[in-house]
Amino acid sequence: MSKAIISKKRFSQLQGREDEEWSRQSQNESISALNAEIRKTEMMVLPFVPLTMTFKDVQYFVDTPPEMRGNGFSEKKLQLLSDITGAFKPGVLTALMGVSGAGKTTLMDVLSGRKTGGIIEGDIRIGGYPKVQQTFARISGYCEQNDIHSPQITVEESIIYSAWLRLPPEIDEQTKSRFVEEVIETIELQDI
């Protein structure tokens, strides 16, 4: 059974009450914020359809480096991934674990379409349909392990920028802003 963990303050806000130690002013502000949040949620319809990503017998080959050929490796292609099968379900945190060099990052790069060289074989599907990279890039986000956040902008500005690039142009500015607020709340960054 899965459980959600929330702070005592947040739980009290959701229950519509505050502990005795919080001042009346803080209580009024919290209730107002909660009411605004409820109104926002009622009006907000996010352009989001949860999709499952499945992959079966994924293999990835690259040209054998000259150094390896010089040391007696005779194959022209080097296989980095061999018959990898799995699924990523929406709303389920999936841990991809293995020792250093096992191919975790290579697999994620292959599935996300970040690998531009080499040969990819196997069946990769999004929502049951074969993955089309142009569509996939528009509906997904992938932060690589070595991605760097620009210190000149805030995290909120980064999310706004991403929303403007990814959301369809017919969505108005106000809706895009509400969408960004919803994302920030979902990833629990509203307090910072």
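Reader: Which residues have the most contacts inside the largest nonpolar core?
Author: Met-53, Phe-55, Val-58, Leu-81, Leu-111 and Ile-124, in a core of 13 residues. A nonpolar core here is a set of buried Ala, Val, Leu, Ile, Met, Phe, Trp, Tyr and Cys residues joined through side-chain atoms within 4.5 Å. Buried means under 20% relative accessible area (1.4 Å probe, protein chains only).
Author: This is a predicted model: local features need pLDDT of at least 70, side-chain atom pairs count only at pLDDT 80 or more, and totals for chains, interfaces and linings use all residues. Residues are numbered from 1 along each chain as its sequence is written, and side-chain values use heavy atoms, with hydrogens and water left out.

Reader: Which elements give two or more residues to this core?
Author: Strand 1 (53–63), strand 2 (77–88), helix 4 (104–112) and strand 3 (119–126). Strand 1 gives the most, with 5 residues. Helices (H or I, at least four residues) and strands (E, at least two) are DSSP runs, numbered from the N terminus.

Reader: And what does Leu-111 touch?
Author: Leaving out residues up to four places away in sequence, Met-53, Phe-55, Phe-88, Ile-124, Lys-131 and Phe-136. Contact means heavy atoms within 4.5 Å.

Reader: How many bridges join strand 1 and strand 2?
Author: 8. Thr-54 stands opposite Ala-87 in strand 2.

Conventions
Buried < 20%, exposed > 50% of the residue type's maximum accessible area, 1.4 Å probe, protein only. Pairing = 2+ DSSP bridges.
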